[in-house]
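Biologist: Could you take me through how the helices pack in this one? I'd like to go slowly, a pair at a time.

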Amino acid sequence: MKAKQFAKAQAKFEEALKGDPNLAEAHNNLAFVLRRQGSQNYQLSMGHYNKAIQLKPKMAEAYMYRGVLYAIMGHKAEAQADLAVLQKLNPRYAKELAEFIKTGKEDDELYGAAKKVSS
């Protein structure tokens, strides 16, 4: 995914979901790589973001990237709703989403991945 080989990453995330359909991180990452492959995948991508959020309601990355997708699709109210949730969950991601809604520019540094954070 970080190498921007989205089709290869898609296959890996789909494989992971075959093994465990309740992996919220895999749904989130699959949604991300689908979205990055083009508008023909937006509805499928949205479904995976929604599933990730259903499985892990506090996964900030899923709200952020779903908000980006809503903004791309012209659904500003939904993007703003995800932004409101993010302001409570993760102010840094909220700032990123607010910036995207304003400018339409995505920060590739974040790269969609819901990572397991070690403390």
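Biologist: To start, how do the axes of α1 and α2 cross, and within what distance do they come?

Modeller: Bearing in mind that this is a predicted model, the axes of α1 and α2 come within 9 Å and cross at roughly 155°. Angles over 145 degrees count as roughly antiparallel, so α1 is roughly antiparallel to α2. The crossing in which α1 passes α2 is left-handed.

Biologist: And which residues in α1 and α2 meet?

Modeller: From α1 there are Phe6, Ala9, Gln10, Phe13, Glu14, Ala16 and Leu17, and they meet Ala26, His27, Asn29, Leu30, Phe32, Val33, Leu34 and Arg36 in α2. Sorted by class, this contact of α1 with α2 has ten nonpolar, three polar and two charged residues.

Biologist: Now the largest nonpolar core: which residues touch the most other members?

Modeller: Of the 35 residues in that core, Phe32, Val33, Leu86 and Leu97 touch the most other members. The elements giving two or more residues to this core are α1, α2, α3, α4, α5 and α6, and the largest share, nine residues, comes from α4.

Key. Residues are numbered from 1 along each chain as its sequence is written. This is a predicted model: local features need pLDDT of at least 70, side-chain atom pairs count only at pLDDT 80 or more; totals for chains, interfaces and linings use all residues. Side-chain values use heavy atoms; hydrogens and water are left out. A nonpolar core is a set of buried Ala, Val, Leu, Ile, Met, Phe, Trp, Tyr and Cys residues joined through side-chain atoms within 4.5 Å. Buried means under 20% relative accessible area, exposed over 50%, partly exposed in between (1.4 Å probe, protein chains only). Helices (H or I, at least four residues) and strands (E, at least two) are DSSP runs, numbered from the N terminus. Axes are lines fitted to C-alpha atoms, for helices over the stretch in contact, and angles run from 0 to 180 degrees between N-to-C directions. Angles under 35 degrees count as roughly parallel, over 145 as roughly antiparallel, 65 to 115 as roughly perpendicular and the rest as oblique. A crossing is left-handed if the near helix is turned anticlockwise from the far one by less than a right angle, and right-handed if clockwise. Contact means heavy atoms within 4.5 Å. Ala, Val, Leu, Ile, Met, Phe, Trp, Tyr, Cys and Pro count as nonpolar, Asp, Glu, Lys and Arg as charged, and the others, Gly among them, as polar.
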